[in-house]
Amino acid sequence: MNPIILSILNLIRGQSGEIPLSNFDSSFIFEKLTEIENSVGTLSSQDGFIAPAHVILLAAGVVIFLGVAGEAFFKRTGIPDVAFLMVLGVILGPVLGLIQPEAVLQVVPYFAALALIIIMFDGGLNLDIKHVIRTAHFSSTLAILGFILSVAMISIAAHYALGWLWLESILLGSIVGGSSSAIVFGLVRNVKISDETKSMLSFESALTDILATIVAFILFEAVLAGTFDLQILQETIGRAVVVGLVLGFGVGIPWMYVSTKLGNAQHGYMLTLGILFVLFFLANSFGESGALTALVFGLMLGNKNHLARILRFKLPKIEMDDPTHNQLTFLVRAFFFVFVGLMASFGQIEYMIFGILITIAVFFGRGIVARITLTKRFSKLDKAVTNAMIPRGLAAAVLATYPITMGLPNAEAYPQIIFFIILSSVIITTIGMGRSKNIPPPEPVKGGFVKPPEDPDDTSNDESEEIVDESKEGGFVKKVNSQE
C-alpha cells in the first residue's frame, strides 16, 4: 500500500478508539505526522520529473476542491482565490517536489496556449458589445498609458538597480507591463460594480495581454540581435490587429448563425471549440498570437442576438449556454494559477525584493493613470476597483519561460522576478478589492456607474433588476434595502 495512505489510515485507526484523556499521549500525533512527512519526502526525492499518476490525480482533486471552495469564498467575501491557488502550486512544486521544474517547462507551451484561448474566448462571451463600445476609449487609454508607464518604471528600475542593459530591462518591463485577462475576467464577473466598468476593465486587460505578447516577442529577437527597430514593432502590432479582427469577425459572424442552428445538437459546443482551435492555428500562422482572435470570436457568439438585429437576419430562439463551457473554463482557470505556482523559483533574495518593490511602484502608477483616465461619471466604488486592478498572470508567466529556452542573458532571473511580481500584484489586488467592498454605491443602480444627467428615464427598471440580482448572488456590495 502507498506509504502516504498507510500513514493516514494508521492515524485514523488510532484516533477512532476511545482513548481516556488522562492517558492521552500527545507524541502520538507528532509521530504520525512525521510518518506522513517522511512518506512525502520519499515521494519527492524520486528520480523522475513528475510523481506517479495516482499522486498527480490526488493533487488534481485537491486543486478542483480548492477551486470550487475558493470561488464560493470569493462570492461571499470579495477576496479572490488566486493567491491561494498559486500558493498551492508552490507547495506541490518547489516545497514537496511532486512536480519538478523541468516537467513544468516542457508543458508550458501547450498548457499556456490552451489557457490563453479558452480564457479569452470566455471573456468575449461574457462581454456586452454595447458596453465595450461605450467604454472603448476608457479601455484603450487605460491600456496604453498603463502599459507604457509600467514598462518605463520597470525598465528604469532594472537598468539601475540590477545593472541590466536597456533592451533586457525593457523586455522585463514589457512582459509584466499589463494586467492579466485570466484574472481580471474572473474577478469582475463576481464584483458588483457597473457593467460599463466591468467591460472597461475586461477589455483593458485583454488589450494589455495582447500588447505584452507582441512587444515581448519582438524584444526577444532584439535582445539576441542587439538592436531594436521601432518600425518592425509598429508593423507587427498592425498586422496582429488586422489578422485578429478579420479572423474573429470573418468566422464569428457566420458561425454564430451555425452555432444557433446546432444549439440542440449533442456536440454543438465541441464543434465551436474545434473552430476556436482552428482559428488559433490560423492566427499564429499569419503572425498573430491568437488572443485577439479568440476574444473577438467569443464576442461575436456572446452578442449574436444583438448583432443579428444589426445585420438584419433572424436567429432561432435558442441560447448557446452549454454548461460544458463553464466547467471547462473553471478547470483551465483553477489549474492555471496552480501552474503559475509550480513555476516558482526561489533563488536570489534581491530578485524577490526587486519584484515586490516594483509591484508597489506599479500600483501607485496605476492610481495616477486611473485618475487621468476616469471621469466624474465613474463612482468612488468603480474608481477604487479600477485602482486596485493590477494583477499580472497568464501572459507574464508564459513569457517568463522564453528567455531560458532562447538562451538570453539573465534568463534564470526572469522566472524568479516575474513570479514575485505576479504573487505580490495579486495580493495587492486582493487587499484593494477587500477594502473596496465596503464602499457603497452612490445609488442602487448599475453598481455605481453614474449615469449622465440626460439619461434618467430607465432608472426605476434597472434599480429593481439590480436589487434582485444582489439578493440572489450576495455579491461584492452588500444587499441594498429597497426602502433606501
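1. Helices here are DSSP runs (H or I, at least four residues), numbered from the N terminus. This is a predicted model: local features need pLDDT of at least 70, side-chain atom pairs count only at pLDDT 80 or more, and totals for chains, interfaces and linings use all residues. Residues are numbered from 1 along each chain as its sequence is written, and side-chain values use heavy atoms, without hydrogens and water.

2. H7 spans residues 136-161 and H10 residues 195-225. Their axes come within 8 Å and cross at roughly 40°. Axes are lines fitted to C-alpha atoms over the stretch in contact, with angles from 0 to 180 degrees between N-to-C directions.

3. Contact means heavy atoms within 4.5 Å. On the H7 side, Phe138, Leu142 and Phe147 are among the residues that meet H10. On the H10 side, they include Phe203, Leu207 and Leu211.

4. H9 covers residues 181-189. Eight of its nine residues are buried, so H9 is largely enclosed by the rest of the structure. Buried means under 20% relative accessible area (1.4 Å probe, protein chains only). Among the buried residues are Ile183, Phe185 and Leu187.

5. Ser181 lies in H9. Its relative accessible area is 1%, so Ser181 is buried. Beyond neighbours within four places in sequence, Ser181 contacts Ile119, Met120, Ser205, Ala206 and Asp209.

Note on methods. Helices (H or I, at least four residues) and strands (E, at least two) are DSSP runs, numbered from the N terminus. Buried means under 20% relative accessible area, exposed over 50%, partly exposed in between (1.4 Å probe, protein chains only).
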